Structure formats: C-alpha cells, structure tokens
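The structure itself is shown first.

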2 protein chains.
Amino acid sequence: MKPVITAFRDSPDRGQGLARDMAVRWAFEEVGAPYDVRLVTFAELKEPAHRALQPFGQIPTYEDSETALFESGAIVLRIAERHAGLLPAEASARARVIMWMFAALSTVEPPIVEHDAACLVESEESWFAARQPLLRARIRHRLGDLSLRLGDADWLEGTFSAGDLMMVAVLRRLHGSGLLEEHPNLVTYVARGEARPAFKRAFDGQYAVFIAASSAGG
Amino acid sequence: MKPVITAFRDSPDRGQGLARDMAVRWAFEEVGAPYDVRLVTFAELKEPAHRALQPFGQIPTYEDSETALFESGAIVLRIAERHAGLLPAEASARARVIMWMFAALSTVEPPIVEHDAACLVESEESWFAARQPLLRARIRHRLGDLSLRLGDADWLEGTFSAGDLMMVAVLRRLHGSGLLEEHPNLVTYVARGEARPAFKRAFDGQYAVFIAASSAGG
C-alpha cells in the first residue's frame, strides 16, 4: 500500500505551493517513494472523519500500512526515516538535521504565519498599518540570524537534508514580502531548493490540483 | 561527560518554570540522566560564543560528547532517544509521539506565544485591548480541538511520553489566563504532568536558580 496524504481540493494560494502538503510531497519526491493524495474540501476538514485523523482540522495527514500521522514536520521525518536521502545515518548528525526541522517550524515560521494571519484577518482594522513594522521586524530578526548562520554554505548541515527541505518550505512563504531579498544568501538558498528536480515534481503535483479545480469551476 | 544545557541566569518569569529549559530539565529527570546547567545572562545570549551554539540567541542549548543542539523539541528528542522512558520502542508508535511534540511546538504554542508577545510589547498601544479577543480566540480554537482529542484519557498516546511532556510544558504558559479552565480535562492533564516527581525535580532545579539570582541581587 502506498502512503496516502491529504491536501486541499481548492488551493488557497492559487497553486503557489505554500500549503503544508508541499513539504510532504517534496519529501516523497526526494526519496523517490510513490504516494497517493486524497483531496479534501474546507467543509470536510471540520467533519468527524477528518478530525479523527487531524484533531486540529488541518492538512496534511499521512497514512501508511502501520500508522497515521499529522503535522508536516512529523510526516517528513517519518518519510525520511523509512527511505534514504533526507537524514544522515549517524545519530548525532541526524539529531542536528531534526533540530533544523524544529527550528524551521517553531522558530522561523511563527512570525511569518503571524504576518500572514494579520493580512488575512486584520487588514480592515484601524491598527493594521501601524502594526506592520512590528510584524516585519520580528521576521527580519529571525532572517538576520539565519542568514548569518548559513553564511556562504549551500545547506544548513553539509549536504541537503530534511532540515533544508523544511526551512526552504517555510521561507517560500515570504515570496512577495520583500523581506527575503534583504539577505542575498537566503534568496539563493531558497532558489537552490526550488531548483531541485524533486521540488519541481512536487510543485507540479500540487499545481495540477489547482488547475483541475479551476477548470472544474471550483 | 554529563550533557550540559544552558538556561537564563535571571529567570524572566520569577521562577515559574516557563522558560524553554524547563522541558529539557524535565526530560532529563524523567529518564534519570544527570546533566549540568550553565547559566547565561541576557547579554551573553548576543555574544558570538553563544551564537555559535544557538544562532537565534535563545536558550536552551545542549552539548553532549557527540553533538551540540538547540531547539527544545530537538533536545528533548535527543534525550528520549538516548535513554528509555519517553519514547516507545516501536517505530510507528514513536512517530506518533514525535507528532505530538511537533503539534505542541508548531500548532498549539504559536498563538500562546503571540498572546504573551502582545502583552509584553504592545500593552501600551491603542489597539491592545481591541486585539485581545482575537488573540484569545486563536488560543481557544486550539484548546477546544486538543480537549476533544484528549477526552478522558490520561495521556495523548496511552502512556506518558515526550509528546505529553512537551504539550504540558506548552499549556503551562496559560496559567493565569483563564483559558485552560474552560476545559476541565486540560486542567487535570496539566496537573497530572505537574504531579510527576520528575516534573517537581525539574521545577525545583530552575526555581533554585531564581532564588540564587534573587538573593544575589541579580
């Protein structure tokens, strides 16, 4: 049985590949493992069948013959543990890759999500414009630190890993904000990730869902 | 060599154990592994020596004879992988515990941190009061989902695990907000975690640092 993941039937980002299934698709493509995608509507996210798999009503979920998971970080780690290519074999090197996965999702991403959420939910509020510099400063703070650490290296820990996959997936959410461009090494880091054939296959996979939904009038 | 972690020399929460070294201390105590703590000042967090260990200038860091890590999630996982007691042996059950660690840090915690940040940074702003319902609604949304999933179980995956350790550590940040109290099963879940002897030893460890700093006039 091929693992099955869930993704949005209707791309909220018009096929830009910014939803959380993208990192999971990319991981499958990097390790060359086949997978199936089950598309869910926004209404279905709230239903008990989906909540049983994902208590917070989000995508992606992941099911293989042995277990069912949610949280893109945990799913990417599961894929990386079952197939070679995204995690070093040696335990302490693996620990450092997992460290970057946590850093991407719990240190770098939250201020980016917060900025997105303000644009989505608070754009009509009187304070929206006044808070923008604050929100952008928080993102800048993380990007400055990350840029310093990356320096002129290609990847965070020697060779491409699940840590880079997750970090690039997070940084892609900044496209259009102008913030990434303040750090040329982060721009080329993201471009290096996006240039990988596995990234392109994953991107095309999610883009095909957007095109199909669009032509169906969805 | 005992692993060495870093923690704040001056507790920003007056010994309540809400800083991120708490989960790491708790993990060491659960598995019965000795560790040393190196205290750092806020000024030292910005220095190159600390940045080499923690590029984002935070605590905790972790060093053992084989590797150096940051990110509390990654450190707790490292401790859980080197010692029995916090992770199931079987791979798919382990994956579900790691899933809850990611859920704690990247799904449940961000809106809690956001609420804390607003109180810290924006309390003098004209919009502060008006935004409170929005910030609290985001936390409520996550707590409602988590409460439903937990139901009347003691722990998230059968027996106490690193997933519960991380989730309880995150939920403890809500003490005083009144939000946890809307879900009696989450209140008892947190209390069950705090009643563990290992939690108490970890709490006492960080509290002793606060007392020492206070009596030193720090």
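Strand β1 (residues 4-8) of chain A pairs with strand β3 (residues 61-63) of chain A in the antiparallel sense, over two bridges. Within this pairing, Val4(A) has Glu63(A) in β3(A) as its bridge partner. The model discussed here is predicted.

**The sheet of chain A**

The pairing of β1 and β3 belongs to an open sheet of four strands in chain A, ordered β2-β1-β3-β4, with mixed pairing. The edges of this sheet are formed by β2 (36-40) and β4 (68-70) of chain A, each of which pairs on one side only. From one strand to the next, the twist averages 25°. In general, strands of a sheet pair through backbone hydrogen bonds, in either a parallel or an antiparallel manner.

**Overall build of chain A**

Chain A contains nine helices and four strands. Read from the N terminus, its elements follow the order β-α-β-α-α-β-β-α-α-α-α-α-α. The radius of gyration of chain A is 18 Å, which agrees with the value near 17 Å that a compact globule of 218 residues would have. Along the principal axes, the C-alpha atoms of chain A fill a box of roughly 50 × 45 × 30 Å. Of the 218 residues in chain A, 41% are buried. Among the contacts in chain A with a separation of 6 or more, 72% are between residues 24 or more positions apart.

**Two domains in chain A**

Chain A is divided into domain 1, comprising 4-86 + 198-215, and domain 2, comprising 91-196. The C-alpha centres of these two domains of chain A lie 20 Å apart. Where the domains meet, 13 residues of domain 1 of chain A are in contact with 13 residues of domain 2 of chain A. On the domain 1 side, the elements that give two or more residues are α1 (21-31), α4 (72-82) and α9 (197-215) of chain A. Of these, α1(A) gives the most, with five residues. By class, this side of domain 1 of chain A has eleven nonpolar residues, one polar residue and one charged residue.

**Contact between the chains**

How many residues of chain B are in contact with chain A? The contact involves 31 residues of chain B and 31 residues of chain A. On the chain B side, two or more residues are given by each of β4 (68-70), α4 (72-82), α5 (91-121) and α6 (128-150) of chain B. The element that gives the most to this side is α5(B), with 13 residues. The residues of chain B that form this side divide into 17 nonpolar, six polar and eight charged.

**An enclosed helix in chain B**

Is helix α7 (residues 162-171) of chain B largely enclosed or open? Ten of the ten residues of this helix of chain B are buried, so α7(B) is largely enclosed by the rest of the structure. The buried residues of α7(B) include Asp164(B), along with Leu165(B), Met166(B) and Met167(B). The buried residues of α7(B) pack against α1 (21-31), α4, α5 and α8 (184-194) of chain B.

**Backbone features in the loops**

Glu71(A) is not a glycine, yet has a positive phi of about 75°. Glu71(A) is placed in the loop between β4 and α4 of chain A. This residue counts as buried because Glu71(A) has 27 C-beta neighbours inside 10 Å, where 20 or more are required.

In chain B, Arg14(B) likewise has a positive phi, near 55°, and is a residue other than glycine. Arg14(B) is found in the loop between β1 (4-8) and α1 of chain B. Is Arg14(B) buried or exposed? Arg14(B) counts as exposed because 11 C-beta neighbours lie inside 10 Å, and the exposed class covers 12 or fewer.

Technical notes:
Residues numbered from 1 in each chain as written. Chains lettered and ligands numbered in written order. Predicted model: local features only at pLDDT ≥ 70, side-chain atom pairs only at ≥ 80, totals over all residues. Domains from an automatic or database assignment. Contact = placed C-beta atoms within 7 Å. Nonpolar A, V, L, I, M, F, W, Y, C, P; charged D, E, K, R; others polar. Pairing = 2+ DSSP bridges. Axes fitted to C-alpha atoms, helices over the stretch in contact; angles between N-to-C directions. Rg over C-alpha atoms; globule rule 2.2 N^0.38 Å.
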